[in-house]
Amino acid sequence: MRKITNFKLVFLGSLLLLMLVLPVTLSTNRQTSTIVADKMTDAPPLTRKSETVDCNNTHSLLTEDFTTAPSYQFTSELEPETATISSEMQLNYTNMENTSLTQLVFHLHPRAFRDYDGDIEIMAISIEEETFNITEWRVMADLLEVDLNVPIQPLEHMNIHIYFVTTLPNIASRFGYVNDPESYFITNWYPVLAVYDVNGWDRSPYTFAGESFYYDMAFYELELTVPKNFQVACSLPFQQQSSSGTTKQLIYEKTLIRDIAIAASPEFETSITKWNGKTITSFFYKDQELDFRGSQADELGKETLIVYTEAFGEYVWDTLSIVSFPGGGGMEYPGLVLISAELYLNWTSIDRYTEVIVHEIAHQYIPFMLGTDSYHEPYIDEPFAVWCSIYYYEAIGQTEAADIIWDLEYGSYLKYAGGNGDVSLDHDMSYWEAVGMGYGMVIYTKGALVLEMLRQYLGIELFLDCYRAMYDQFRGGNLYFTDFINIFNTVSGLSLDWFFNQWFYQTGLPWIEIESITSTGSVVNFTIVNKGGDWFKLPLSIELETPYETITQIRWINGSSTNLSLTLNHFTENGTITVAKNQFLLRKQYTSTISADFEITIITSSEITNQSSLAILALVPIIIISVYNYQRMNLKRRKKGK
Ligand SMILES: [Zn+2]
């Protein structure tokens with residue numbers, strides 16, 4: 001998601017404010033970075049490994065072609081007068097866990113909107129098979145729990161029917177409807193089976209600040225009845241339609257996907273682009289100004305898919321819908337993204353329209369093709385989506401735009417951390433909902449900056465190789481953060497635990513200074529002091545510049561104080577040591593460079609001349625005495641010889 005709820009709007013507002021008030025004075029110098037792993041002087045060698053990574057996915061029984069995945073079949077009708085969707089859902093469920101289950105647990109996310117008159121009401125539940133009976137079902141908080149009379153064994157299956165009515169709240173939100181322009185956004189709207197993981201059924205609540213997509217991949221089929229004049233966007237590919245009276249029935253193709261979302265309005269217009277067998281559709285309001293960018297969104301969607309396909313792998317679904325909506329920011333769903341209608345009118349130097357569209361499309365990779373537990377580990381998908389939205393500019397050759405955005409992200413996080421303190425990335429959504437602030441700045445902004453540091457360290461090719469390996473191994477499954485670390489370590493052949501430990505699990509930023517410079521002959525000794533905390537281990541670029549030469553090396557600093565030395569090739573009197581130059585390094589200082597001048601005390605050439613003259617003068621009496629003695633000795637010899 002890119003900030004859509006109130007919580008996110010606050011963050012979005014803050015970010016925009018920062019963009020307006022924060023002068024672009026920081027030079028993060030990332031465009032000329034030299035910090036790549038294969039240039040490290042004392043880093044481990046860069047070797048490639050091809051072992052597959054042990055995966056935390058608990059679905060060990062799931063077949064490779066997903067034929068045993070859950071299968072949802074919906075017959076639904078949208079009734080605009082009541083803003084409700086009445087549905088019969090048939091779920092074909094096979095127990096793919098290694099254990100028998102006496103209960104099925106479903107999320108009822110619309111219940112989180114009861115304060116806004118949104119809801120989901122379960123009308124009836126039944127099971128086709130005679131083997132199973134429902135002893136009891138109950139709605140608890142935002143969950144539906146169904147108790148079975150006998151446990152369902154591994155590989156055993158059942159068909160369960162749930163009749164329910166979803167009521168949309170009258171709010172401009174990712175889930176809700178508005179009257180003007182009349183439009184309905186039907187998302188997280190049905191009883192969805194919770195993930196059964198190492199902790200049992202996942203009962204995490206819906207979060208307004210984050211996402212609720214910790215689902216297993218499943219087959220989805222939909223037959224939807226809407227008024228005849230409605231245009232409908234859906235996560236699934238459209239198959240066919242028929243009409244009767246004032247309504248029409250839309251049938252969508254059975255698709256293996258993680259969730260389905262629907263947007264419907266009589267006010268939608270469409271613009272369609274085809275690419276690589278996929279249909280990219282922009283749904284936008286019939287409005288002259290909106291039309292201008294609405295009819296471009298499908299083309300932007302295509303360009304984005306081209307960039308991400310090259311970077312990470314194929315976009316697997318046949319359709320992608322980019323839908324204008326009256327809420328703020330944007331919101332991702334599999335095969336469908338919601339983009340704030342406001343952004344279609346937003347012509348600023350920082351192009352939020354493009355940024356949000358490419359951000360939401362990045363989520364198609366994580367957390368949709370690769371699932372994540374975004375309640376417990378929100379620090380996988382959002383840093384990735386922000387990073388992608390900036391990388392997009394770089395990939396299409398607009399590196400200047402990428403640099404400007406990185407500078408803004410960098411400056412805004414330092415400003416935030418300067419006022420509120422740095423926060424580690426590893427918190428779950430219960431932490432963020434409790435503290436009520438900082439989620440956007442830490443998870444989105446710091447998270448993306450941390451990924452960019454990793455990319456600068458590994459180099460773009462190796463960094464993307466790691467994500468491609470992740471895509472190959474986890475597509476369709478769920479990826480946990482331990483898997484994420486394993487992939488980076490395995491594919492890079494480097495031990496990157498130091499990086500993940502300090503940048504994801506620790507709090508604090510480095511503050512680097514150069515102290516105690518001395519010289520012994522041609523060797524310059526100095527100490528790098530880190531005042532930001534003694535746990536940091538960093539590869540640091542060191543530059544020693546004299547009137548005769550420039551020496552650049554990458555050296556590790558470790559802890560609060562590291563002694564280093566560099567050897568000069570040419571004698572000199574003075575020079576400058578600069579660290580972290582051209583290095584993308586998140587640190588407390590607002591200064592763009594950290595440097596210190598030094599002088600070397602040696603005898604100068606004029607001193608040598610003066611001292612030589614004195615030495616010669618001192619020798620004069622000795623020479624005179626020696627000559628005198630020599631002459632006397634010769635005189636004596638001559639007298640004797642006579
Ligand atoms: Zn997002």
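Two residues are in contact when heavy atoms of each lie within 4.5 Å. The structure described here is a predicted model.

By this criterion, S324 is in contact with F185, F268, F283, F284, Y285, I339, A341 and Y344, when neighbours within four places in sequence are left aside. S324 itself belongs to strand β20, which covers residues 319-325. The relative accessibility of S324 is 0%, and S324 therefore counts as buried, the cut-off for this class being under 20% relative accessible area.

T225 is placed in strand β13, formed by residues 218-227. Its relative accessible area is 12%, so T225 is also buried. Apart from residues up to four places away in sequence, T225 touches S76, E77 and L78 as well as T247, K248 and Q249.

For the protein as a whole, 13 helices and 29 strands are found. The protein has 642 residues, and 58% of them count as buried. When contacts between residues at least 6 apart in sequence are considered, 70% join residues at least 24 apart. The accessible surface amounts to about 26600 Å². Carbon and sulfur atoms account for 50% of this surface.

Rolling a probe the size of a water molecule over the atoms shows where empty space is left. Across the whole structure, six cavities of 30 Å³ or more were found. The second largest cavity holds about 110 Å³ of space. Twelve residues line the second largest cavity, and those nearest its centre are M453, P539, Q583, F584 and L585. Two or more lining residues come from each of the helices α9 (439-458) and α12 (497-505) and from strand β25 (537-545). In terms of residue class, the lining of the second largest cavity comprises ten nonpolar and two polar residues, with no charged residues. Domain 1 (6-54 + 395-505) and domain 3 (512-599) each contribute at least three residues to the lining of this cavity.

Methods
Residues are numbered from 1 along each chain as its sequence is written. This is a predicted model: local features need pLDDT of at least 70, side-chain atom pairs count only at pLDDT 80 or more; totals for chains, interfaces and linings use all residues. Side-chain values use heavy atoms; hydrogens and water are left out. Helices (H or I, at least four residues) and strands (E, at least two) are DSSP runs, numbered from the N terminus. Buried means under 20% relative accessible area, exposed over 50%, partly exposed in between (1.4 Å probe, protein chains only). On a 1 Å grid over the protein atoms alone, a cavity is a set of points where a 1.4 Å probe fits but cannot get out, and a pocket is an open set with protein on both sides within 12 Å along at least five of seven lines; lining residues have an atom within 4 Å of a point. Grid points are joined across faces, edges and corners, and a volume is the space filled by probe spheres set on the points. Ala, Val, Leu, Ile, Met, Phe, Trp, Tyr, Cys and Pro count as nonpolar, Asp, Glu, Lys and Arg as charged, and the others, Gly among them, as polar. Domain bounds come from an automatic or database domain assignment. Accessible areas come from the Shrake-Rupley method with a 1.4 Å probe; for residues, only the protein chains shown count as cover.
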